[in-house]
Amino acid sequence: MDDAKQGEGETRLETLGDIKRHGYRLAVHCLNTACGRGRYVDIDVAIAKLGSTYRFAGKDGMRGVYGCSSCREEGRPHRNTAVHLHIPPR
Ligand SMILES: [Zn+2]
């Protein structure tokens, strides 16, 4: 392991607490082709619900943790979602 390469610019993002600390955002995208909506997760709400040590980068990440309200209202499977990490605006 070359420590020099672990310096600035390399941010370790494994938990919800990491995301909040570094100002990143989580976006939920609905994977239903009839829908395709996306929205941002309120990170404070996510931490309140799942805890700041929740590892979103696990085997399935946060896939399915957040449903799609549009699909739920319309009776489609609403857990077919993917969560993406968005880098903070500078
Ligand atoms: Zn949807």
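**Fold, sheet and core of the predicted model**

Of the contacts between residues at least 6 apart in sequence in the protein, 59% join residues at least 24 apart. Two residues are in contact if their C-beta atoms, placed from the backbone, lie within 7 Å. The model is predicted: local features need pLDDT of at least 70, side-chain atom pairs count only at pLDDT 80 or more, and totals for chains, interfaces and linings use all residues. Residue numbers start from 1 along each chain as its sequence is written.

Confidence is given as pLDDT, the predictor's confidence in each residue, from 0 to 100. The protein has a mean pLDDT of 84, and 83% of its residues reach 70 or more. By element, the mean is highest in α3, at 94, and lowest in β3, at 86. Where pLDDT is low, predicted coordinates should not be read in detail.

The protein contains three helices and three strands. Both are DSSP runs numbered from the N terminus: helices are H or I with at least four residues, strands E with at least two. From the N terminus on, the order of elements is α-β-β-α-α-β.

The three strands form an open sheet in the order β2-β1-β3, with antiparallel pairing. The edge strands are β2 (38-40) and β3 (81-86), and each pairs on one side only. Neighbouring strands are turned by 25° against each other on average, direction ignored. Axes here are lines fitted to C-alpha atoms, for helices over the stretch in contact, and angles run from 0 to 180 degrees between N-to-C directions. Strands count as paired if DSSP finds at least two bridges between them. Three bridges join β1 (residues 25-30) to β2. Val28 has Arg39 as its bridge partner in β2. β1 and β3 pair over six bridges, also in the antiparallel sense. Here Leu26 has Leu85 in β3 as its bridge partner.

Buried residues make up 12% of the 90 residues. A residue is buried if 20 or more other C-beta atoms lie within 10 Å of its own, exposed if 12 or fewer, and partly exposed in between, with C-beta atoms placed from the backbone. The largest nonpolar core has seven residues: Leu16, Ile19, Leu26, Ala46, Phe56, Met62 and Tyr66. Such a core is a set of buried Ala, Val, Leu, Ile, Met, Phe, Trp, Tyr and Cys residues joined through C-beta atoms within 7 Å. In soluble globular proteins, nonpolar side chains tend to be buried together.

Phe56, a member of this core, sits in the loop between α2 (43-50) and α3 (69-74). Phe56 counts as buried because it has 21 C-beta neighbours inside 10 Å. Its C-alpha atom is separated by 9.8 Å from that of Leu85, 29 residues apart along the chain. Tyr66, also of the core, is in contact with Val28, Val41, Thr81 and Val83, leaving aside neighbours within four places in sequence.

Tyr54 also lies in the loop between α2 and α3. Tyr54 is partly exposed, with 18 other C-beta atoms within 10 Å. Beyond its neighbours within four places in sequence, Tyr54 is in contact with Thr15 and Leu16. Tyr54 and Thr15 are 39 residues apart in sequence, yet 5.2 Å apart in space, C-alpha to C-alpha.
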